[in-house]
Amino acid sequence: MTIRNSLTGPLGTVALWLAFSGMAAGQPATPAKRFEMFKAMGTNAELTVFPVRLGGRSMPEVAEVIAVSLEHAGMQKLDWTTQVFPRPAQATFDQVTTAFGDFVRGNTAATEYSLYAEFLGTPGAGVTEIRGVLVDRAGDPVWSYRQTPQDAEFQKMQPKEPMQCMVMLVNGLREPLGLPDPFRPDGFEGRLTRRMAERTGLPTSSERAAMQKAIETARANAASSDLLVFPILAAGRPDPKQAAHLAEMLRSVPFGKADVATAQPAIEIPPVPNEQQRLWRMARGFRDYLRQSPAAAGYALFAEYTFAPDGRPFTVHLVLCDRSGEWVLVDFQNDHSPDFQSLDLKAGDDCDRLVAKRLARLLRQPSSDGK
């Protein structure tokens, strides 16, 4: 019998797995070998994300965003839990790794793999360290991720917000797995994505279909229509002057006329790290407002700008509705978006430039070749 034949069939598969893991020779599997086994499972690897420690608090909602991001990258057997890992106080990275393994080992993990992360820092000093630990059901380490200001990736990204930390962590895991960018427009949408959509207010399929019709109408009518720009929500505060600057930019392209609204909608936007949740809460709030108080123009615009601790723009969200509140465009931009990256955003006026660019692009009539 050749070696090749001895490794075929059910028993041969077991022998190959044992040899691959190092256990056939009585050797314990190393983290590197465990990771290769995890990688071999590909998108079918079962993984639970535990609440992320952020600012001294354990936050299940951040774990959900990480799980959904990995799902968008193609992983199909993911979940997240509200069960908190009781992290030892003042623990080093190695101590956290050992303690999380012990915790998983003693609590009958629901999936083959478990992931824990923590983002260290303070509001004043910003992010000082990003940690991630992946263990198997036995609590043995499979993969770890650690970034500090001394590391090249940290210096490149300069993370200042939880979302940036999450992106670094997710990319740190999915890149060696060979998974695609979870933030691409056609990312995989599975069970977790649908569950999040139901809870966070993401649009239904019928609402998306209505928006498609509304944007087609707007593309045909924008140049001859008037626009009412509501005070920009900048760093959490209404800013009529910023709205006036934006309206000035929009008076010729893509709208024929643009003015500033005097009213300020009372829209509550939850302080959560889930950007989609913030965006669609804002969109639903603005729609509800206009349904009660229709705009004195063909279209109405509401935007929110958030800023990093150093004052640079972090996110730009916009909602464009018709006069009665029906959605035309709901759009978000951050430093992972091409149009955001194409502009050197330093202040609110630069955010206005980005909004103008997005509206001009999205309301432009497609050419005959579809471009």
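R87 and E118 form a salt bridge (a side-chain nitrogen of Lys or Arg within 4 Å of a carboxyl oxygen of Asp or Glu), with their closest N and O atoms 2.6 Å apart. The pair links distant parts of the chain, 31 residues apart: R87 lies in the loop between strand 4 (77–80) and helix 5 (93–105), and E118 lies in strand 5 (residues 113–122). Helices (H or I, at least four residues) and strands (E, at least two) are DSSP runs, numbered from the N terminus. Both R87 and E118 are buried; buried means under 20% relative accessible area, exposed over 50%, and partly exposed in between, with a 1.4 Å probe and protein chains only.

The model is predicted, so local features need pLDDT of at least 70 and side-chain atom pairs count only at pLDDT 80 or more, while totals for chains, interfaces and linings use all residues. Residues are numbered from 1 along each chain as its sequence is written, and side-chain values use heavy atoms, with hydrogens and water left out.

**Salt bridges**

Side chains of opposite charge can pair when their charged atoms come close. The count for this structure is 23 salt bridges. Three of them are listed here.

| Pair | N to O distance |
|---|---|
| R87 and E118 | 2.6 Å |
| R105 and D102 | 2.7 Å |
| K257 and D259 | 3.8 Å |

R105 and D102 are 3 residues apart in helix 5, so about one helical turn separates them. R105 is partly exposed, with a relative accessible area of 45%, and D102 is also partly exposed, at 42%. In the pair K257 and D259, K257 is partly exposed at 47% relative accessibility, and D259 is partly exposed at 31%. Salt bridges that share partners join R87, E118, E129, R131 and R146 into one network.

**Strands 6 and 7**

Strand 6 (residues 126–136) and strand 7 (residues 141–147) run antiparallel and are joined by 6 bridges; two strands pair if DSSP finds at least two bridges between them.

**Nonpolar cores**

A nonpolar core is a set of buried Ala, Val, Leu, Ile, Met, Phe, Trp, Tyr and Cys residues joined through side-chain atoms within 4.5 Å. The largest one has 42 residues, and those with the most contacts inside it are F38, I66, L70, F119 and L134. Helix 7 (residues 162–177) gives the largest share of this core, 8 residues. Apart from neighbours within four places in sequence, I66 is in contact (heavy atoms within 4.5 Å) with V49, V52, L115, M166, L169 and V170. A second, separate core has 33 residues, including L318, V328, C351 and L363.

**Cavity**

The structure holds 1 cavity of 30 Å³ or more. A cavity is a set of points, on a 1 Å grid over the protein atoms alone, where a 1.4 Å probe fits but cannot get out; lining residues have an atom within 4 Å of a point. Grid points are joined across faces, edges and corners, and a volume is the space filled by probe spheres set on the points. The largest cavity has about 40 Å³ of space. Its lining consists of M163, Q164, V167, E275, F314, T315, N334, D335 and H336. Helix 7 and strand 13 (313–322) are the elements that give two or more residues to this lining, and helix 7 provides the largest share, 3 residues.

Methods: 1 Å grid on protein atoms, 1.4 Å probe; cavity = no way out; pocket = protein on both sides within 12 Å on 5 of 7 lines; lining within 4 Å.
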